[in-house]
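Here are my notes on this one, as numbered points. Have the viewer open while you read.

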Amino acid sequence: MLTLKDAKAFSGFSVKDLPQARKFYQQTLGLNVSEEDGMLLLHLADRSDVLLYPKDNHQPATYTVLNFPVDDVEKTVDALTQSGVQFERYDDPSYKTDAKGISRDNGGPVIAWFKDPSGNILSVLEKM
């Protein structure tokens, strides 16, 4: 029987503008990024990769496509805000955010959401 348990799986999502995405992920977020066959690879700290591919009729996902666990969400939000990242503000009681865009004490981790230049939703959340 064929199984995929040993396959090195990876996820991916589309972007509308590859050079703009590369600049954001590499310069603003500080990730290691490479380009292969007209697509970007984000090289994450756990040695996994995420594939970003251009799509002419790109539609951003309506859910979080990439989460970054961090030691301190507030410090990370402050640093990313200084780099020009704008955090989302939500008023829903189950994930309401404060003035900085941080959701606290809502039954889940401390988390803040932001979008890449293509409108894909990303987050920083406190390590568990």
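1. Is Tyr-90 buried, exposed or partly exposed? Tyr-90 counts as partly exposed, since its relative accessibility is 23%. For the classes, buried is under 20% relative accessible area, exposed is over 50%, and partly exposed is in between, with a 1.4 Å probe and protein chains only.

2. Some ground rules before going on. This is a predicted model, where local features need pLDDT of at least 70 and side-chain atom pairs count only at pLDDT 80 or more, while totals for chains, interfaces and linings use all residues. Residues are numbered from 1 along each chain as its sequence is written, and side-chain values use heavy atoms, with hydrogens and water left out.

3. Back to the rings. The structure holds 5 aromatic pairs; rings of Phe, Tyr and Trp (its six-membered ring) pair if their centres lie within 6.5 Å, and planes under 30 degrees apart count as stacked, over 60 as edge-to-face, the rest as tilted. One of them joins Tyr-90 to Trp-113, edge-to-face, with 5.4 Å centre to centre and 80° between the planes. Tyr-90 sits in the loop between helix H2 (73-82) and strand S6 (102-103) and Trp-113 in strand S7, so this pair ties together parts that are 23 residues apart in sequence. Helices (H or I, at least four residues) and strands (E, at least two) are DSSP runs, numbered from the N terminus.

4. Trp-113 itself is buried, at a relative accessible area of 12%. Trp-113 also makes an edge-to-face pair with Tyr-95, at 5.9 Å centre to centre and 75° between the planes. That pair again links distant parts of the chain, 18 residues apart, with Tyr-95 in the loop between H2 and S6. Tyr-95 is partly exposed, at 33%.

5. Now look at helix H1 (residues 18-28), where Leu-18, Ala-21, Phe-24 and Tyr-25 are buried. Viewed down the axis of H1, the buried residues fall within an arc of 130°, so they line one face of the helix (the arc is that of the directions from the helix axis to the C-beta atoms). Pro-19, Lys-23 and Gln-27 are exposed, on the face of H1 turned away from its buried side. Among the elements covering the buried residues are strands S1 (11-15), S4 (49-54) and S8 (121-126), where contact means heavy atoms within 4.5 Å.

6. Asp-17 caps the N-terminal end, with a side-chain oxygen 2.8 Å from the backbone nitrogen of Gln-20. After H1 comes Gly-30, with a positive phi near 75°.

7. Arg-47 has a positive phi of about 75° although it is not a glycine; Arg-47 lies in the loop between S3 and S4 and is exposed, at 72% relative accessibility. Asp-105 is not a glycine either, yet has a positive phi of about 50°. Asp-105 is in the loop between S6 and S7, and with 78% relative accessibility Asp-105 counts as exposed.

Definitions and conventions: Polar contact = N/O pair within 3.5 Å; in protein donor to acceptor, adjacent residues only side chain to side chain.
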